[in-house]
Amino acid sequence: MDQVPVAASSEKAIEMNSHAAISRRVGSEQLTWLGPLLVVTGRTVFAIVAQAVVAGLFVLRRHPSPWSAAAPWWSVYGTLADLGCLALLVHFAGKEGLRLRDLVGRIRWRWGIDLLLGLMILVVAGVCFAVVAKPVSLFAFGTPQPYMYPGLLAGRVLPTWAVVYSFSIFLLIWSPTEEITYQGYALPRICALSKRWWVAVLIVSFWWAFQHSFIPLIFDWRYIAWRFLAFWLAMMALNLLYLRVRRLPPFILAHWTLDILALLITLKL
């Protein structure tokens, strides 16, 4: 008997992240533009700050190029960006009476529904990347094959403990936090605040793609343009899918797979 109210309360809390419930909070002290805009832009800022912290450590070690030396460590210092995002999410979601779990939505493991959706999302993201890969590389580098910045972005050499960390703690926190930041929290709230789904998709997908241009941050406009344009179409597609599904578990599953592939491609194992 004691478990029924708890389950009911949990279901009600998750429903508080529905479009109708969010729309009712628009204009109140619970939900203004401040929270979604800080969250959607904050992840990029936190990523730069995290790289700066690591660069500062290399300065103390008198490294001749501290910023470049910090770049390969993005799959370690990325957790600092996650912690900053989670702090913002806890604060602003808490103002609405929500927990982080409530931003995720229901999990549907029965009959493998979320696994199937995750696979479909993975395919959609892969197709989007494939469609834009060569054109954006031609625009940025003048060649269909992008320059991968050996040692900074690809071919990264990290000590064993950092590789283990990248494939464990980093992955465990990074993928869910990114999905909650852009999809679970920012997208539905900007949609409700603007009253235009396409405005929300443009804003969130822009900053989501832009974030990837700063992890790591390499001071080359070609790199920044290439990374941004390569990700933007996929981010828009994922936003549109989320507005339809309104549950994060399948997106997190797909994101984990993509991030594992990213680590395998960029780390020199």
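Visitor: Where does Pro 216 lie, and what joins Ile 215 and Pro 216?

Guide: In this predicted model, Pro 216 is placed in the loop between α9 and α10. The bond that joins Ile 215 to Pro 216 is a cis peptide bond, with omega at about -5°.

Visitor: What is there to say about phi of Arg 62?

Guide: Phi of Arg 62 is near 60°, which is a positive value in a residue other than glycine. Arg 62 belongs to the loop between α3 (34–60) and α4 (66–70).

Visitor: What makes α8 and α9 roughly antiparallel to each other?

Guide: Helix α8 (residues 160–194) packs against helix α9 (residues 197–212) at an angle of about 150°, with 8 Å between their axes. Since the cut-off for roughly antiparallel is an angle over 145 degrees, α8 and α9 are therefore given that description. Their crossing, too, is right-handed. Among the residues that meet are Trp 174, Tyr 182, Leu 187 and Ser 194 in α8, with Trp 197, Val 204, Trp 208 and His 212 among those in α9. The residues of this contact divide into 14 nonpolar, four polar and two charged.

Visitor: How do you know that α8 and α10 are roughly perpendicular to each other?

Guide: The axes of α8 and α10 cross at roughly 80° and come within 11 Å. That angle is to be set against the range of 65 to 115 degrees, and α8 and α10 are therefore roughly perpendicular to each other. In this contact, Gln 183, Gly 184, Leu 187 and Pro 188 of α8 meet Leu 238, Asn 239, Tyr 242 and Leu 243 of α10. By class there are five nonpolar and three polar residues, with no charged ones.

Visitor: Which helices supply the lining of the largest pocket, and what is the volume of that pocket?

Guide: The volume of the largest pocket is about 940 Å³. At least two residues of its lining are supplied by each of α7 (113–141), α8, α9, α10 (221–245) and α11 (249–266), and the largest share, ten residues, comes from α11. The lining is made of 36 residues, of which Phe 129, Arg 227, Phe 231, Ala 262 and Ile 265 lie nearest the centre of the pocket.

Visitor: How do the residues of that lining divide by class?

Guide: They divide into 27 nonpolar, five polar and four charged residues. Arg 227 and Phe 231, which are among those nearest the centre of the pocket, also take part in the contact of α9 with α10.

Conventions: Residues are numbered from 1 along each chain as its sequence is written. This is a predicted model: local features need pLDDT of at least 70, side-chain atom pairs count only at pLDDT 80 or more; totals for chains, interfaces and linings use all residues. Side-chain values use heavy atoms; hydrogens and water are left out. Axes are lines fitted to C-alpha atoms, for helices over the stretch in contact, and angles run from 0 to 180 degrees between N-to-C directions. Helices (H or I, at least four residues) and strands (E, at least two) are DSSP runs, numbered from the N terminus. Angles under 35 degrees count as roughly parallel, over 145 as roughly antiparallel, 65 to 115 as roughly perpendicular and the rest as oblique. A crossing is left-handed if the near helix is turned anticlockwise from the far one by less than a right angle, and right-handed if clockwise. Contact means heavy atoms within 4.5 Å. Ala, Val, Leu, Ile, Met, Phe, Trp, Tyr, Cys and Pro count as nonpolar, Asp, Glu, Lys and Arg as charged, and the others, Gly among them, as polar. On a 1 Å grid over the protein atoms alone, a cavity is a set of points where a 1.4 Å probe fits but cannot get out, and a pocket is an open set with protein on both sides within 12 Å along at least five of seven lines; lining residues have an atom within 4 Å of a point. Grid points are joined across faces, edges and corners, and a volume is the space filled by probe spheres set on the points.
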